[in-house]
Amino acid sequence: MPGRVVASLCRLHGLWAMMRQAVSMVAHLGFRLRALPSALSRSLSSAQDVLHRTPLYDFHLAHGGKMVAFAGWSLPVQYQDSHMDLHLHTRQHCSLFDVSHMLQTKIFGSDRVKLMESLVVGDIAELRPNQGTLSLFTNEAGGILDDLIVTNTSEGYLYVVSNAGCWDKDLALMQNKVRELQNKGSDVGLEVVDNALLALQGPTAAQVLQAGVAHDLRKLPFMTSAVMEVFGVAGCRVTRCGYTGEDGMEISVPAPGAVRLATALLENPEVKLAGLAARDSLRLEAGLCLYGNDIDEHTTPVEGSLSWTLGKRRRAAMDFPGAEVIVPQLKGKVQRRRVGLMCEGAPMRAHSPILNVEGTRIGTVTSGCPSPCLKKNVAMGYVPLEYSRPGTPLLVEVRRKQQMAVVSKMPFVPTNYYTLK
């Protein structure tokens with residue numbers, strides 16, 4: 001699998017032109033791809049660098065995938081069906097997304113929890129076997145370095161999935177901490193997982209997947225994981241999670257079996273292939289953050305409305321990076337917050353100015369698009385605390401024209417995560 005760290009930036013005019021054309025197309029359609037600034041930086045990082053391909057690259061082309069450059073990878077932005085159709089199909093049935101560009105790692109050794117808790121804000125020690133959690137890498141200033149999912153596997157290691165746009169940064173962060181702890185005598189190690197990663201998302205995802213596994217998926221609730229054979233492909237890790245707000249699974253599959261598994265899933269008429277465009281509008285309706293847009297190194301978890309990721313024990317101990325900045329903010333000492341916004345008229349886009357009703361600029365939109373489900377425009381952005389209450393009327397400047405907007409609760413569309421009753 002690709003994913004090599006490259007050493008220097010250079011000017012690569014041909015690739016740059018191609019990427020600008022692709023990004024322009026996506027922007028015209030109103031989509032925001034995951035961690036786009038980081039993705040561009042990664043893709044242009046070396047004169048010898050070429051776009052990496054997932055094990056499903058030829059499979060995408062054969063199924064009409066429109067490929068774009070993203071985070072150093074060639075990935076499908078959409079297929080022959082329209083973005084709107086694929087978005088709604090995911091909400092009503094289920095769709096298959098190739099997310100093999102994500103960084104997958106194993107942290108092993110008796111001090112694996114110690115290592116992870118030295119980097120993230122979550123309570124990893126409290127995770128039950130095969131339970132996972134969304135957490136955040138933070139720096140000493142309280143900023144978010146990346147968001148990630150950490151699973152405490154019953155096989156004796158932590159399974160970590162983090163963003164492709166932060167691949168180099170995240171890997172270096174973890175590797176440096178491994179070396180630091182090893183030098184102090186700790187028992188810990190790291191391994192990059194070369195598996196493909198497929199996300200089957202939608203209300204019928206469990207029904208579709210159940211036909212290919214012996215495991216009873218009714219006993220696999222949201223944010224839990226198990227290793228199983230899937231449609232004849234052995235050694236797959238199935239985690240009940242996703243980035244759409246729907247029920248669904250992410251399947252870490254050995255690369256040689258990826259096409260076989262995708263082909264088997266597509267044989268069910270409930271399943272359609274979907275790409276980056278639908279994935280982004282789905283996550284925005286679900287109120288989920290896009291790293292590099294909605295959260296970054298200059299955003300704290302409290303400002304980003306992600307206080308729930310802070311473990312209670314970790315808050316009390318104040319033993320995670322940036323705790324001295326973040327914990328006091330929990331008591332209300334924060335000047336801005338991420339909020340949801342809704343409006344009619346022209347769609348709100350990232351970087352659109354947010355104004356109060358008197359016309360004074362008070363914030364900025366970080367992500368925005370038309371909602372296929374609501375038939376309204378939805379967005380996220382940051383505003384001062386006094387403007388963050390749902391129902392607060394505001395103005396948003398779109399194409400140099402001001403239009404009314406209102407602070408709205410998130411998620412915009414109710415989530416459908418599967419939990420045991």
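Student: Which residues does Met-410 touch, leaving out those up to four places away in sequence?

Tutor: A contact here means heavy atoms within 4.5 Å. In this predicted model, Met-410 touches Gly-287, Arg-338, Val-339, Gly-340 and Met-380. Met-410 itself lies in the segment after S20.

Student: Is Met-410 buried, exposed or partly exposed, and what is its relative accessible area?

Tutor: Buried means under 20% relative accessible area, exposed over 50%, and partly exposed in between. Met-410 has 27%, so it counts as partly exposed.

Student: How many residues apart along the chain are Met-410 and Leu-284, and what separates their C-alpha atoms?

Tutor: The two are 126 residues apart along the chain, and their C-alpha atoms are separated by 9.3 Å. Leu-284 belongs to H9, where it is one of the buried residues. Just after that helix comes Gly-287, with a positive phi of about 75°; Gly-287 is also one of the residues that Met-410 touches.

Student: Why is H9 described as largely enclosed by the rest of the structure?

Tutor: To judge a helix, go through its residues and see which are buried. Ten of the ten residues of H9 are buried, so the helix is largely enclosed by the rest of the structure. Charged side chains are on the list too: among the buried residues are Arg-279, Asp-280, Arg-283 and Glu-285.

Student: Which strands pair with S5, and in what sense?

Tutor: Follow the bridges on S5 (residues 103-108). With S8, S5 pairs in the antiparallel sense over six bridges, and Gln-104 has Val-161 in S8 as its partner. With S9 (residues 189-192), S5 also pairs in the antiparallel sense, over four bridges; there Phe-108 stands opposite Gly-189.

Student: What volume does the largest pocket have, and what lines it?

Tutor: The volume of the largest pocket is about 800 Å³. Of the 38 lining residues, the closest to the centre are Leu-134, Leu-288, Cys-289, Trp-308 and Tyr-417. Strands that each supply at least two lining residues include S6 (131-138), S7 (144-152) and S8 (157-162). By class, the lining has 22 nonpolar, ten polar and six charged residues.

Student: Where is Thr-300, and is it buried or exposed?

Tutor: Thr-300 is in the loop between H9 (276-285) and H10 (312-317). Its relative accessible area is 5%, so Thr-300 is buried. Leaving out residues up to four places away in sequence, Thr-300 touches Gly-142, Ile-144, Ile-326 and Gln-329.

Student: How many helices and strands does the chain have, and what share of its residues is buried?

Tutor: The chain has eleven helices and 20 strands. Of its 421 residues, 58% count as buried.

Conventions: Residues numbered from 1 in each chain as written. Predicted model: local features only at pLDDT ≥ 70, side-chain atom pairs only at ≥ 80, totals over all residues. Heavy atoms only, no water. 1 Å grid on protein atoms, 1.4 Å probe; cavity = no way out; pocket = protein on both sides within 12 Å on 5 of 7 lines; lining within 4 Å. Points joined across faces, edges and corners; volume = space filled by probe spheres on them. Buried < 20%, exposed > 50% of the residue type's maximum accessible area, 1.4 Å probe, protein only. Pairing = 2+ DSSP bridges.
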